[in-house]
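Take a look at the sequence and the 3D structure below. Then follow the paragraphs one step at a time.

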Amino acid sequence: MTLFQEAGVDAAPSALARAGRLAGPSTRYVAKRIFAALGTFAFVVVFNFFLFRLLPGDPIALYTKGRDVDPAQMRALRSTLNQPVLQQFVNYLKNPFSQDASSVKYNLPAWEVIGTRVWPTVLLVGTATLLATIIGVWLGVRSAWARGERFDKVSTNTTLVLYSMPEFWFGMILLIVFSAGVFGLPGLFPSGGLSTPGVDTSSPLGWLNVGWHLFLPVTTLTVIYLSEYSLIMRASLIDEMGQDYLQTARAKGLKEKMVRRHHAVPNAMLPTMTLIFLNLGFVVGGAITIEYVFSINGLGSLTVDALRGPDIPLLQSLFLLFSAAVIAANLFADLLYGRLDPRVRT
Amino acid sequence: MRARSRRARVIAACAAGALAMGVTAGLAGAASADSTSPTPSSGSKSVLTIGTTDDIDSANPFTGYSVAAYEIFQMEYPTLTMYSPTDFSPTPRLAESWTESADHLTWTYKIRSGLKWSDGAPLTATDAAYTFNRIINGKYEQTNYDSYTANMVKAEAPDPTTLIITIKKPSPIMEKLYVYILPEHIWKSIDEKAVSSYKNEPAPGQTTVGGGAFLMAERRTGQFIRMVANPNFFGGKPKVDEIDFKIFKNQDAMALALKKGEIDFADSLDANVYKSLAGVPGVTQFPAVYSEFNELAFNTGAALESGKPIGDGSPLLKDKNLRVALGWAIDRKSLVDKVLGGLGSEADTIIPSMYANLHLTPANPVTYNPDKAKQLLDAAGYKVGPDGIRVAADGTKLSFRLYGRSENDISKKSVQFLKGYLAAVGVEAKVDLISSDALAEKIGAGNYDMFEWDWVVEPDPNYQLSTFTCANRSYLDSGSVTANLSDSFYCNPAYDALNEKQSTEPDVAARTAIVKQMQQMLYDDAPYILTFYIDNLEAYRSDRFTDFVPQPAPNGSLLFQYGTWTYESVQPVTNAAGDSTSSSKAGLAIGIAVLVLVAAAGVVFFLRRGRTGARADDEE
């Protein structure tokens with residue numbers, strides 16, 4: 001009886017939805033999105049080149065200050081950097097991802113320098129984003145559904161407090177409490193870095209060692225990030241909660257949990273989806289302050305280093321990578337949105 | 001129903017993840033506690049772990065130029081001579097002795113016999129000749145060593161213990177050639193094209209081939225560098241088995257690591273971090289005298305090397321009498337106390353007092369005396385105007401821009417004090433804090449009146465003295481003004497002549513006399529007013545390691561020296577108390593147990609929820 005009712009009432013919308021899911025967004029919609037993404041990227045490529053050339057500085061003087069470098073030598077070094085701007089621009093446009101663009105500071109291809117830093121960043125920020133999404137969405141759903149009850153009050157207030165906390169400050173507190181140890185509590189976790197010198201990180205014990213090092217930074221980021229997901233999820237679910245279709249579902253005799261899980265949450269997920277994908281794009285950007293507090297050698301701190309000097313080829317490549325990641329994540333979110341919500345398919 | 005069980009699995013996975021983290025902490029913590037314990041009683045190898053905020057930029061001695069990179073190079077590769085730990089005089093290293101020809105143009109070095117590289121191959125004069133010739137004849141190779149080799153014609157090794165270097169004109173630098181001697185049998189296969197991108201990092205499980213006290217065993221960019229003792233080192237195998245450099249991005253975490261014993265040495269600390277280490281059991285603070293000076297610099301008339309004026313600096317500051325008068329207005333003692341927290345000393349000349357042999361203590365010291373400053377300003381024709389600010393004869397106010405560096409705490413504090421001292425004698429300083437990159441550009445273009453900055457001075461004075469020559473003022477590079485070494489635009493032909501003389505004077509005593517004369521000249525002409533010499537703040541675990549060697553004696557830096565003295569002599573404390581380590585290990589275990597319990601409780605909670613949820617679904 002219950003089964004029959006459910007199938008009967010749901011038949012019309014779910015058939016539509018299924019058809020939509022199979023057909024997906026129109027080709028025109030997809031083409032438009034991809035074209036827009038490419039256009040944005042092209043703009044970034046050009047803008048990127050000129051932006052960093054506005055920065056003041058003299059990398060050669062900075063890197064050689066105080067060292068007995070022959071003045072003739074310095075001139076020679078500088079002249080390699082001071083090609084005419086037009087020439088540089090042409091070289092750059094030929095292939096923005098070229099291996100020829102060398103970092104001034106590291107004297108290695110900029111993309112190679114970046115390559116060694118991607119893994120720590122993704123490990124740190126990626127893990128934290130994933131955990132924050134799962135826990136945040138769960139918290140948001142529960143608080144919204146139990147709006148005004150104690151769980152909601154506690155979780156909303158806590159997440160608001162966490163959300164307003166500067167992440168470096170929270171990280172520093174965790175570092176002092178759990179790495180230095182307070183009130184006779186011993187230091188449980190290391191003071192920074194990704195692994196203990198001499199530990200083979202390709203072995204299972206090495207993985208544990210990396211996990212041990214990443215525990216505090218990942219916890220910090222997760223706690224800071226999750227409030228964003230939970231607050232948005234809570235707000236959008238509360239919006240959905242007054243909708244008529246939920247009353248219909250209840251009228252069918254569905255349990256509250258079923259109503260929540262199969263009717264309200266999927267609709268309320270849309271804004272959260274946008275947020276998730278936007279943030280996935282920012283994963284490679286790193287978390288500058290947390291990398292700083294926990295001495296993690298990621299792309300965030302590389303960017304800060306590159307700004308000193310400035311190391312223009314490196315900055316340029318970093319900026320290109322960050323922009324490409326955000327644009328790609330955005331495009332993906334747009335396309336997925338089109339699949340999830342028929343209203344945005346044109 | 002299916003959705004439910006999927007969710008339960010996700011939650012269970014999260015909980016399991018948390019549990020894994022807890023166990024991780026346990027295992028890894030225990031493992032690392034074992035591996036980093038340097039106590040000899042445990043019978044394990046001794047590891048000195050040094051915390052630093054500087055990573056090396058490259059491990060290739062032809063490429064790297066950061067302070068940290070030079071530290072690694074001198075650990076790996078020998079030099080002919082090394083600066084002595086007591087007073088920076090050249091002492092024998094690879095070369096036992098050296099002589100110069102009567103015309104000062106041929107130098108003969110007697111190389112120690114029977115030496116070996118770390119891989120067992122013989123280390124002879126041939127390797128030294130190879131290294132010098134490679135640089136002399138190379139282009140890329142010259143980058144780091146040009147100041148030593150630009151004057152060289154060729155290097156020869158007629159036999160395994162004799163190295164002969166021919167030079168173009170006499171030079172005092174030949175006793176202090178800081179060129180790292182490389183093993184020919186390794187480097188000959190890396191040609192000029194390959195060398196610029198050569199990393200010189202060891203393959204896993206191996207070490208680099210070197211002749212210094214330590215060899216690189218592993219490098220993780222931005223994380224750590226592991227150096228292991230070289231058994232073939234000519235000074236005898238070092239007393240610690242391994243030296244690890246652990247790289248921190250912030251000093252607070254580094255100090256914390258020192259407190260809990262994760263590292264044994266912390267270098268170049270900020271004053272506030274350094275002070276936080278006072279009274280920590282087992283930690284010794286060491287405020288080392290250092291070769292860094294801080295100055296108030298003037299735009300003495302910005303011009304290109306050709307003499308063509310540039311920039312918008314105030315012409316008033318070309319007046320030497322004005323600059324000298326301002327010197328009397330500066331309270332250096334207060335600056336040391338208030339800006340450095342007492343961790344430094346008052347400065348006078350550009351060769352820091354740490355280099356006792358070369359430093360000039362002026363016979364006519366300019367001290368803090370605002371009244372005298374006022375008198376001198378009055379006498380020079382700068383009368384106090386109606387608003388309290390002095391005015392020049394032509395009616396121009398004595399109001400100047402004073403730049404400080406926004407990212408440097410010492411700079412930010414200094415400029416505020418300087419502003420106050422100048423105001424007290426009727427001179428207005430308009431303070432502007434900008435990034436050092438932006439400031440460097442302003443200075444190069446001559447667009448400034450005064451600024452605050454610092455220099456770290458090498459043991460050989462040549463470079464520092466050359467920052468005041470006419471030829472080192474800014475120059476034109478394809479039409480645009482480019483900064484050179486000079487940042488005061490001081491230009492004095494008499495000074496330039498002395499500089500030329502000191503750079504070719506082979507006699508030590510005669511050269512010292514010239515160097516002192518040049519310091520006096522700068523002191524009297526005041527393109528800079530020196531404020532203070534800054535201490536290098538170091539701290540180490542004296543409960544674990546001993547026999548650090550200061551350079552210079554008795555209170556110079558213990559690490560990051562011009563030489564590897566500490567690395568060769570440092571050793572574990574023999575009766576190291578194991579109590580602190582064992583108690584912290586016990587604490588670690590307790591903490592981990594708590595953590596695992598919490599994680600386990602989380603798992604139970606989620607699994608129970610999962611089950612009740614499943615039941616609820618069934619009821620539907």
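Among contacts in chain B between residues at least 6 apart in sequence, 68% join residues at least 24 apart. Two residues are in contact if their C-beta atoms, placed from the backbone, lie within 7 Å. This is a predicted model: local features need pLDDT of at least 70, side-chain atom pairs count only at pLDDT 80 or more, and totals for chains, interfaces and linings use all residues. Residues are numbered from 1 along each chain as its sequence is written, while chains are lettered from A and ligands numbered from 1 in the order in which they are written.

Start with chain B as a whole. It holds 18 helices and 25 strands. Both are DSSP runs, numbered from the N terminus: helices are H or I with at least four residues, strands are E with at least two. Chain B has 620 residues, and 50% of them count as buried. Buried means that 20 or more other C-beta atoms lie within 10 Å of a residue's own; exposed means 12 or fewer, and partly exposed is in between, with C-beta atoms placed from the backbone.

Now go inside. In soluble globular proteins, nonpolar side chains tend to be buried together. A nonpolar core is a set of buried Ala, Val, Leu, Ile, Met, Phe, Trp, Tyr and Cys residues joined through C-beta atoms within 7 Å. The largest one here has 212 residues. Those that touch the most other members are B:Ala128, B:Leu163, B:Phe214, B:Met227, B:Met450 and B:Phe451. Helix H9 (residues 204-241) of chain A gives the most to this core, with 14 residues. Pick out B:Ala128. Leaving aside neighbours within four places in sequence, its contacts include B:Leu80, B:Leu94 and B:Ile181.

Next, find helix H16 of chain B, residues 508-525. Its 18 residues reach 26 Å from first C-alpha to last, close to the expected 26 Å. The expected span is 1.5 Å times one less than the number of residues. Which residues of H16(B) are buried? They are B:Val515, B:Met518, B:Gln519, B:Leu522 and B:Tyr523. These cover an arc of only 140° around the axis, so they sit on the same side of H16(B). The arc is that of the directions from the helix axis to the C-beta atoms. An α-helix has 3.6 residues a turn, so residues three or four places apart point the same way. The buried residues of H16(B) pack against helix H14 (462-466) and helix H15 (493-504) of chain B. On the other side, B:Ala509 and B:Asp524 are exposed. Just after H16(B), B:Ala526 takes a positive phi of about 50°.

Compare helix H11 of chain A, residues 256-282. H11(A) bends by about 50° at A:Val265, and a proline, A:Pro266, follows within four residues. The bend is the angle between axes fitted to the seven residues ending at a residue and the seven starting there.

Finish with the backbone. Most residues other than glycine have a negative phi, and most peptide bonds are trans. B:Phe88 has a positive phi of about 70° although it is not a glycine. B:Phe88 lies in the loop between strand S2 (81-83) and strand S3 (90-92) of chain B. Is B:Phe88 buried or exposed? It is buried, with 25 other C-beta atoms within 10 Å. A cis peptide bond joins B:Gln551 and B:Pro552. Another cis bond runs from B:Ala553 to B:Pro554, with omega near 0°.
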